[in-house]
Amino acid sequence: MQLVTDSGTLIRVETRKRRALLSLLALDTNRVVSMDRLVNVLWEGAPPKHARTVVHGHISALRQALGPRVSIETCSPGYALVIDADRVDAHLFTQLAEAASERIHDVDAVSLLREALALWRGQVLTDLAGFACWHDLAIPWEDARLNALEALAKRLLRAGRPAEAVADLRYAVGQHPLRESLTAQLMTCLHAAGRQVDALHMYDSVRRRLADELGLYPGPELREAHAALLRQDTPSPSRGRPEADWPHHSDQRSDHCVSCHPTTHAPARLSP
């Protein structure tokens, strides 16, 4: 969790438990998080007798750090972080991704999705890593990120710009090698970019891995991407806005780099 002012100044939030507490409140912006949940998460079901007093102390310190434009309200049975949702990167990411899905023109959707994905920095919910709740909280956010990345690739493919999606897809496949929809999208973009051999190698690699690690055959989406490749069925770009309407996107990166920080997994900044 990072607390950043409008001018870009980073405000340090002391102690891991305090940052974890702020993360829990920020994920449920403008909704009450009960004291029982806060105590249960922070002490993993075995709180000391003075746990509630400690939480009160952390809340007081956070109120001072957040300043006047953000407030933590005491609302039975706990606390609520009262702030415009778009000042929390996690919620802004969701808004941008949803807005992109409603855009007709690919150029508009691509711009929104790139803005959304650029919000991701650092390890997913790093201040909650090690807590028992981390997995349940983190997995949906990682799925949302991958869904946005796949949506961006599909839009770029429709617009006839598949090469721009390859680097980020390849990196994501390296992190999630058994997510078949991600590999299928990468194969399709490689094929459309004229890299059929790379696409075939990608299919063979994931096919062997599925068999070796899970004892499974490729699923329908992966098989269809492979069949389209063998048929030389190259996706046709859709008609959209003229080329001049597209923002300049210089992509000289290798396939092993990503547009965000290489360890990107979750948006976690809050702007007071």
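**Figure 1. Salt bridges in the predicted model.** The count of salt bridges comes to 17, a salt bridge being a side-chain nitrogen of Lys or Arg within 4 Å of a carboxyl oxygen of Asp or Glu. The model is predicted, and local features need pLDDT of at least 70, side-chain atom pairs count only at pLDDT 80 or more, and totals for chains, interfaces and linings use all residues. Residues are numbered from 1 along each chain as its sequence is written, and side-chain values use heavy atoms, with hydrogens and water left out.

**Figure 2. Salt bridge between Asp-36 and Arg-52.** The N to O distance of this pair is 2.4 Å. Asp-36 belongs to helix 2 (residues 35–42) and Arg-52 to helix 3 (residues 51–66), so distant parts of the chain, 16 residues apart, are linked; helices are DSSP runs (H or I, at least four residues), numbered from the N terminus. Asp-36 is exposed at 52% relative accessibility, whereas Arg-52 is partly exposed at 43% (buried means under 20% relative accessible area, exposed over 50%, partly exposed in between, with a 1.4 Å probe and protein chains only).

**Figure 3. Network of salt bridges formed by Asp-106, Arg-155 and Arg-158.** Within the pair of Arg-158 and Asp-106, the closest N and O atoms are 3.0 Å apart. Arg-158 lies in helix 6 and Asp-106 in helix 5, 52 residues apart. Asp-106 is buried, with 5% relative accessibility, while Arg-158 is partly exposed, with 38%.

**Figure 4. The aromatic pair of Phe-93 and Trp-120.** A search of the whole structure finds one aromatic pair. The ring centres of Phe-93 and Trp-120 are 5.1 Å apart and the planes stand at 80°, so the pair is edge-to-face (rings of Phe, Tyr and Trp, the last by its six-membered ring, pair if their centres lie within 6.5 Å; planes under 30 degrees apart count as stacked, over 60 as edge-to-face and the rest as tilted). Phe-93 is in helix 4 (residues 89–101) and Trp-120 in the loop between helix 5 (106–117) and helix 6, so the pair ties together parts 27 residues apart in sequence. Phe-93 is buried at 1%, and Trp-120 is buried at 2%.

**Figure 5. Arg-145 over the ring of Trp-120.** The charged end of Arg-145 sits 5.8 Å from the ring centre; a charge sits over a ring if NZ of Lys or CZ of Arg is within 6 Å of the ring centre and within 35 degrees of the ring normal.

Note on methods. Helix = DSSP H or I, 4+ residues; strand = E, 2+ residues; numbered from the N terminus.
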